[in-house]
Amino acid sequence: MGFVLPAELATRLRAARSIGVITGAGISAESGIPTYRGKGGIYDDPEQGDRTIEALSAPTLRTDPDRAWQAIAKIAGAASGAQPNAAHHALVEIERKVERFVLLTQNVDGFHAAAGTRNLIDIHGDTFKLLCMKCGRRGDLSREPDIEPCIQTIVATGKAPRCECGGTIRPDVVFFGEMLPEAKVQRLHDEFYHRVPDVVISVGTSNMFPYIVQPVLIAAQQGRLTVEINPEETEISGYVAYHLKAKAGEALTAIAAAL
Ligand code: NAD
Ligand code: ZN
């Protein structure tokens with residue numbers, strides 16, 4: 001039993017000198033963090049999905065930070081009691097085995113960093129990193145009691161955390177309708193557009209954002225090896241050389257072992 005990699009894919013992976021990986025919420029599903037879309041996602045009910053997007057938007061953060069934080073607490077609360085899974089660990093092993101490696105993630109759960117990935121672009125930020133909207137003070141949701149908040153308190157009270165200065169604290173993540181951080185976009189361009197990796201692997205994403213889809217399409221266009229890992233079809237499934245309809249944990253473990 002277990003997942004077996006197509007033999008030809010294994011051979012082509014072994015010849016690769018550089019690998020770029022793109023991950024979405026699906027890679028953390030096996031850690032027990034709900035995805036947004038897909039089976040069992042928190043957007044399964046489309047109306048609930050629209051409400052979540054509205055809650056996680058820049059205007060809501062300004063006008064009703066409690067509501068924004070109640071939505072954030074769903075991911076942060078689930079992640080604070082959970083661990084990186086086999087898929088996160090397999091990516092660390094892949095980074096060790098290949099000459100050049102880069103990981104672009106949309107996730108805000110901090111699992112890639114916790115597992116030990118080094119060359120990481122967390123394009124949407126990290127939900128455990130905090131920022132005071134008034135004085136700019138930075139903190140950590142789980143580790144700095146002096147900046148006050150702890151995720152359990154937020155879940156229990158449904159209240160946005162406040163800084164000593166009286167300002168509202170936000171997580172250092174990109175909300176719907178906000179700009180991506182420029183330095184990270186620059187790194188994404190450098191790693192995926194200027195030096196297109198030999199292999200680009202997209203894992204557990206519904207591919208809703210152009211900057212997540214483009215690196216895969218460019219790699220395919222340039223004749224690089226492209227792989228998608230997702231039990232369901234997405235907008236890139238027709239463009240990749242291999243669509244592995246498997247779970248992230250089993251497929252990435254097999255890829256790490258094949259290198
Ligand atoms: P998404 O929820 O839109 O899509 C998840 C995808 O993962 C689906 O296509 C689904 O078929 C697939 N999937 C489910 N289980 C899987 C598994 N075991 N292995 C492989 N694939 C699996 O997620 P998205 O594309 O990342 O985009 C949503 C946005 O939501 C992102 O901006 C992200 O920041 C945010 N988000 C983050 C987290 C997190 O940090 N863990 C969780 C939910 C949402
Ligand atoms: Zn402050």
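## Contacts of Ala-55

Leaving aside neighbours within four places in sequence, Ala-55 touches Thr-60, Arg-67, Ala-68, Ala-71 and Phe-175 in this predicted model. Ala-55 belongs to helix α2, which covers residues 46-55. Its relative accessibility is 5%, so Ala-55 counts as buried. His-189 lies elsewhere: its C-alpha atom is 30 Å from that of Ala-55, and 134 residues separate the two along the chain.

## Confidence

The chain has a mean pLDDT of 91. Of its residues, 92% reach 70 or more. Residues 143-148 have pLDDT below 50. Beyond near neighbours in sequence, that stretch makes 12 contacts in the model. Where pLDDT is low, predicted coordinates should not be read in detail.

## The parallel sheet

Six strands form an open sheet with parallel pairing. Their order is β3-β2-β1-β7-β8-β9. The edges are β3 (120-122) and β9 (242-244), each pairing on one side only. From one strand to the next, the twist averages 15 degrees.

Strand β1 (residues 18-23) runs parallel to strand β2 (residues 100-105), and 6 bridges join them. Here Gly-20 stands opposite Val-102 of β2. Strands β7 and β8 also pair in the parallel sense, over 5 bridges. Ile-201 has Val-227 in β8 as its bridge partner.

## Covering the sheet

How many residues of β8 are buried? The count is 5 of 5, and the strand is mostly covered. Side chains in a regular strand alternate between the two faces of the sheet. Both faces of β8 are covered. Leu-225, Val-227 and Ile-229 are buried on one side, Thr-226 and Glu-228 on the other.

## Strand β4 and its antiparallel partners

Strand β4 spans residues 125-132. Of its 8 residues, 7 are buried, so the rest of the structure largely encloses β4. Strand β6 (residues 169-173) runs antiparallel to β4, joined by 5 bridges. Gly-125 stands opposite Val-173 of β6.

Strand β5 (residues 138-140) is also antiparallel to β4, with 3 bridges between them. Lys-129 has Asp-140 in β5 as its bridge partner. β4 and β5 form a hairpin, with 5 residues between the strands. In the turn, Gly-136 has a positive phi of about 80 degrees.

## The zinc site

Which residues supply the protein donors of the zinc ion (ligand 2)? They are Cys-132, Cys-135, Cys-163 and Cys-165, each through SG. The donors lie 2.3 to 2.4 Å from the zinc ion. Along the chain they follow the spacing C-x2-C-x27-C-x1-C.

Why is the arrangement tetrahedral? The 4 donor atoms subtend angles of 104 to 115 degrees around the zinc ion, which makes it so. All angles must lie between 85 and 135 degrees for four donors to count as tetrahedral. The ideal angle for four tetrahedral donors is 109.5 degrees.

Are Cys-132 and Cys-135 buried or partly exposed? Cys-132 has a relative accessibility of 2%, so it counts as buried. Cys-135 has 44%, so it counts as partly exposed.

Methods. Residues are numbered from 1 along each chain as its sequence is written. Chains are lettered from A and ligands numbered from 1 in the order in which they are written. Side-chain values use heavy atoms; hydrogens and water are left out. Donors are N, O and S atoms within 2.8 Å of the metal (3.2 Å for Na, K and Ca); water is not among the atoms, so sites may look incomplete. Four donors count as tetrahedral if all angles lie between 85 and 135 degrees; four count as square planar and six as octahedral if opposite donors are over 155 degrees apart and all others between 65 and 115; anything else is irregular. Buried means under 20% relative accessible area, exposed over 50%, partly exposed in between (1.4 Å probe, protein chains only). Two strands pair if DSSP finds at least two bridges between them. Helices (H or I, at least four residues) and strands (E, at least two) are DSSP runs, numbered from the N terminus. Axes are lines fitted to C-alpha atoms, for helices over the stretch in contact, and angles run from 0 to 180 degrees between N-to-C directions. pLDDT is the predictor's confidence in each residue, from 0 to 100. Contact means heavy atoms within 4.5 Å.
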